[in-house]
Amino acid sequence: MFKYLHKPKSYTILFSLLIVLFFTNCIQNLADCPVDTLTLKKECDSNQKQTDRNLLLGLAAATVSSSGSLSGKALEFYNILESYRNKGSFTLSNGSSRSFLNGSKCSGTTAQHPALNRAAQKHNDNMVSLNFFSHTGQDGSTPSTRVKAEGLNVGAGENIAAGVSTAEGTFDQWWNSSGHRANMENCNYTHVGIGYTAREGVNAQADYAHYWTNVFATIR
């Protein structure tokens, strides 16, 4: 209940008009804003932003193939990574060689996994759709929780990159970063997942034209 001193009628009318104008932005569209017409505009806007964010997350997830199979640039990157881990080295198209830090290699193959592919691609799509770049999703997810959401009860390592258009260029970008390289050379990881997304057709306002995610896990 408001408590105020009595004012002349003209001031009362003016005060009433100001109250109406204050809430206009929040009640002009009841489909977007809360039905409670006394909800503050700040709360109204906050609710709408959360709704928009959830919608974008859902749309991004809907673009991922349920099969979790690789194709295009994602498959190209997997072939490079698998060759690198299997041989302990990879020769770039310019003739430069990239080798394991310890001069070793991984025994056997490193299999791609549909659940890891889905986790990688969904995170990639969300980074483009919502224009952010982080291992932490806008919904608070982490690499491990995203993998578990795909049905795998395992921990996960993750590399993300943005800006480079080619699989080979992204491999070299990660190779030149100690932490990312360590993930690519960690032979304890038995399976990998790859995600690639171009902003074209997804979100033209995204900061980078190309996004990559590589998820690693040990599956016995």
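Rings of Phe, Tyr and Trp, the last taken by its six-membered ring, are counted as a pair if their centres lie within 6.5 Å. In the predicted model described here, Phe77, Trp174, Tyr196 and Trp212 form one aromatic cluster by this criterion, and the structure holds 9 aromatic pairs.

Two of these pairings involve Tyr84. With Phe171, Tyr84 forms an edge-to-face pair, for which the centre-to-centre distance is 5.0 Å and the angle between the planes is 70°. Here the link is between distant parts of the chain, since Phe171 lies in helix 6 (residues 167-175) and is 87 residues apart from Tyr84 in helix 3. Phe171, like Tyr84, is buried.

Tyr84 and Phe100 are also among the residues touched by Glu185, together with Arg85, Ser99, Leu101, Cys106 and Trp175, when residues up to four places away in sequence are not counted. Glu185 is located in the loop between helix 7 (178-184) and strand 5 (191-198), and its relative accessible area of 14% places Glu185 in the buried class, because that class comprises values under 20%. The side chain of Glu185 is joined to that of Arg181 by a polar contact of 2.8 Å.

Methods. Residues numbered from 1 in each chain as written. Predicted model: local features only at pLDDT ≥ 70, side-chain atom pairs only at ≥ 80, totals over all residues. Heavy atoms only, no water. Helix = DSSP H or I, 4+ residues; strand = E, 2+ residues; numbered from the N terminus. Buried < 20%, exposed > 50% of the residue type's maximum accessible area, 1.4 Å probe, protein only. Polar contact = N/O pair within 3.5 Å; in protein donor to acceptor, adjacent residues only side chain to side chain. Contact = heavy atoms within 4.5 Å. Phe/Tyr/Trp six-rings, centres within 6.5 Å; stacked < 30°, edge-to-face > 60°.
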